[in-house]
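Have the sequence and the model open side by side.

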Amino acid sequence: MSFWEYLGNRHQQLFADALQHASAVLQCMVVATVIGVLIGVVTYRSEWAGNFATLTTSGILTIPSLAMIGLLIPIVGLGVAPTVIALTLYGLLPIVRNSIVGLRGVDPSLVDAAKGIGMSRLTRLLKVELPLAWPPILTGIRVATQMLMGIAAIAAYASGPGLGNVIFRGLASLGSANALNQVLAGTVGIIILALLFDAAYVLIGRLTISRGIRA
């Protein structure tokens, strides 16, 4: 059976797996973004705290994904839980680092001007600092999403959702008629999803970043 025939016969299942894969990555990215930006907001004013946050999230990223999921299985079991925890943790570093860099890069004179017109610290953060820091934060989100697309495939080891199941089935049946087709279909599907997500982020950037900041 050719690759195109395989896609024609399995397109419904592959589409369902792709939706699960995209959903898992998207939900974990939302959680990682909220946590990562909060960590950045809390730590960017202190050199020591910012370095500690970056070092900690860097340490998490050095743990092999298969080992991370394997360590989580005895704690939270198989399925969605280890997938969500692992992906969220792996997505933190680019977001935390770019949040700190972006917030530290805001022109102090703009913050002082906002303070001079009576803005509270929270208002300055929400209306001045975070909007100006948004471009590097969005870049961190894009980088994290691309990483998680590939890492999410390993979640099949813990019976997680997504295209990793297609790849693992192919690897487990190497030598059979459709083994290569399964691995190729899962891999190509992940690449396509990564490109679609990146295109969506480009659109979000155009809609949310003013021309002055982009320039």
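Where does UniProt place the feature "transmembrane region"? The unreviewed entry puts that feature at residues 21-46, 66-93, 148-171 and 183-204. UniProt positions are given here in the numbering of this model, with feature names shortened, and such annotations may be inferred rather than shown by experiment. Before going on, some housekeeping: residues are numbered from 1 along each chain as its sequence is written, and this is a predicted model, in which local features need pLDDT of at least 70, side-chain atom pairs count only at pLDDT 80 or more, and totals for chains, interfaces and linings use all residues. Side-chain values use heavy atoms, with hydrogens and water left out.

Residues 183-204 are 100% helix and 0% strand, with end C-alpha atoms 32 Å apart. Residues 148-171, on the other hand, are 50% helix and 0% strand, and their end C-alpha atoms lie 21 Å apart. The unreviewed UniProt entry also lists "domain: ABC transmembrane type-1" at residues 18-201. Over residues 18-201, the chain is 81% helix and 0% strand, and 19 Å separates the end C-alpha atoms.

Now zoom out. The protein has 10 helices and zero strands, where helices are DSSP runs of H or I with at least four residues, strands are E runs of at least two, and both are numbered from the N terminus. Along the principal axes, the C-alpha atoms fill a box of roughly 70 × 40 × 20 Å. Of the 215 residues, 43% are buried; buried means under 20% relative accessible area, exposed means over 50%, and partly exposed is in between (1.4 Å probe, protein chains only). Take the contacts (heavy atoms within 4.5 Å) between residues at least 6 apart in sequence: 75% of them join residues at least 24 apart.

What sits in the middle? The largest nonpolar core has 48 residues, a core being a set of buried Ala, Val, Leu, Ile, Met, Phe, Trp, Tyr and Cys residues joined through side-chain atoms within 4.5 Å. Met29, Ile95, Leu148 and Met149 have the most contacts inside this core. The elements giving it two or more residues are H1, H2 (47-61), H3 (65-76), H4 (80-90), H5 (92-104), H7 (121-151), H8 and H9. Click on Ile95 to see how this works: leaving aside neighbours within four places in sequence, Ile95 is in contact with Met29, Ala32, Thr33, Gly36, Val37, Gly140, Ile141 and Ala144.

Over in H2 you'll find Ala49, which counts as buried because its relative accessibility is 16%. Ala49 and Ile39 are 10 residues apart in sequence, with their C-alpha atoms 9.5 Å apart in space.

Next, H8, at residues 164-172, where Gly164, Val166, Ile167 and Gly170 are buried. Looking down the axis of H8, these buried residues fall within an arc of 160°, so they line one face of the helix; the arc is that of the directions from the helix axis to the C-beta atoms. What covers them includes H1 (3-43) and H9 (179-208).

How do H1 and H8 cross? Their axes come within 9 Å and cross at roughly 130°, which makes H1 oblique to H8. The contact is made by Tyr6, Leu14, Asp17 and His21 of H1 with Gly164, Val166 and Arg169 of H8. Axes here are lines fitted to C-alpha atoms, for helices over the stretch in contact, with angles from 0 to 180 degrees between N-to-C directions. Angles under 35 degrees count as roughly parallel, over 145 as roughly antiparallel, 65 to 115 as roughly perpendicular, and the rest as oblique.

Two last stops. Tyr157, in the loop between H7 and H8, is partly exposed at 44% relative accessible area. Not counting residues up to four places away in sequence, Tyr157 touches Leu66, Ile69, Gly70, Ile73 and Phe168. Pro108, in H6 (residues 108-116), is exposed, with a relative accessible area of 55%. Its C-alpha atom is 9.6 Å from that of Glu129, 21 residues away in sequence.
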